[in-house]
Every structure is written in structure tokens, then in C-alpha cells.
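Please look through the sequence and the model first.

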Amino acid sequence: MSKKTKKYADDDGRTIVDMNVEGFRWYRPNKSDKKVDKEDRPTRKETRAMMRAWFAAYLPRIFALIVGFGLAAAIVVCWLNGWFIK
């Protein structure tokens, strides 16, 4: 009996991840890696834009985390000094 191959409508045949992993039976250790072309690398301006976008996305979260830890530390200090007890 032959296996039927499934056909998917959204499959265009492109490889997303290189599956040449040690331990698989199709592993080829001498396979040459592709070198990144100079045109594929981001420019200095693009790199700075990516860094700015990262900071814009994560800075509010980092700020909220620091404020939360500071507030928790302040409550613990007040509690241990007895300032909440009348």
C-alpha cells in the first residue's frame, strides 16, 4: 500500500526552517551554510529604528515592573516598621 500525500491549499513548497539537524537520519554535516548577502543585512538606520521600536514596545512594561517592585518594597518597609499599626 502506498501512502497518500496530503495536499494543502496554502502550501507553496517553500522551506521555512533548515531541518539539517544532528540526530536526524537526513543530517548532512558537510552541508555548506548560506552566507548572508550584504543587501540582506539591515542598514544602520534600520537597526536604530528597530531598537527604537523595541524600546517603545517594552519600556512601559519595564517601567510598570519597576514601579510594582518599588511599591511592594515600600509596603514591606512600612509594614515592618509598624507604620500601619495604630
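Is W54 buried, partly exposed or exposed? W54 has a relative accessible area of 44% and is therefore partly exposed, a class between buried (under 20%) and exposed (over 50%), with a 1.4 Å probe and protein chains only.

The model is predicted, so local features need pLDDT of at least 70 and side-chain atom pairs pLDDT 80 or more, while totals for chains, interfaces and linings use all residues. Residues are numbered from 1 along each chain as its sequence is written, and side-chain values use heavy atoms, without hydrogens and water.

The protein chain contains one helix and zero strands; these are DSSP runs, H or I of at least four residues for helices and E of at least two for strands, numbered from the N terminus. Of its 86 residues, 2% count as buried. Its accessible surface is about 9600 Å², and carbon and sulfur atoms account for 61% of that, by the Shrake-Rupley method with a 1.4 Å probe.

| Residue | Relative accessible area | Class |
|---|---|---|
| V17 | 51% | exposed |
| W54 | 44% | partly exposed |
| F55 | 43% | partly exposed |

V17 lies in the segment before α1 (44–81). Together with I16, M19, V21, F24, W26 and Y27, V17 forms a nonpolar surface patch of about 690 Å² accessible area.

W54 and F55 are an edge-to-face pair, because their ring centres are 5.1 Å apart and their planes meet at 85°; rings of Phe, Tyr and Trp (its six-membered ring) pair with centres within 6.5 Å, and planes over 60 degrees apart count as edge-to-face. W54, F55 and Y58 make up one aromatic cluster.

Note on methods
Patch = residues over 30% accessible without salt bridge, like charges linked within 9 Å, V, L, I, M, F, W, Y side chains within 5 Å. Salt bridge = Lys/Arg side-chain N within 4 Å of Asp/Glu carboxyl O. Phe/Tyr/Trp six-rings, centres within 6.5 Å; stacked < 30°, edge-to-face > 60°.
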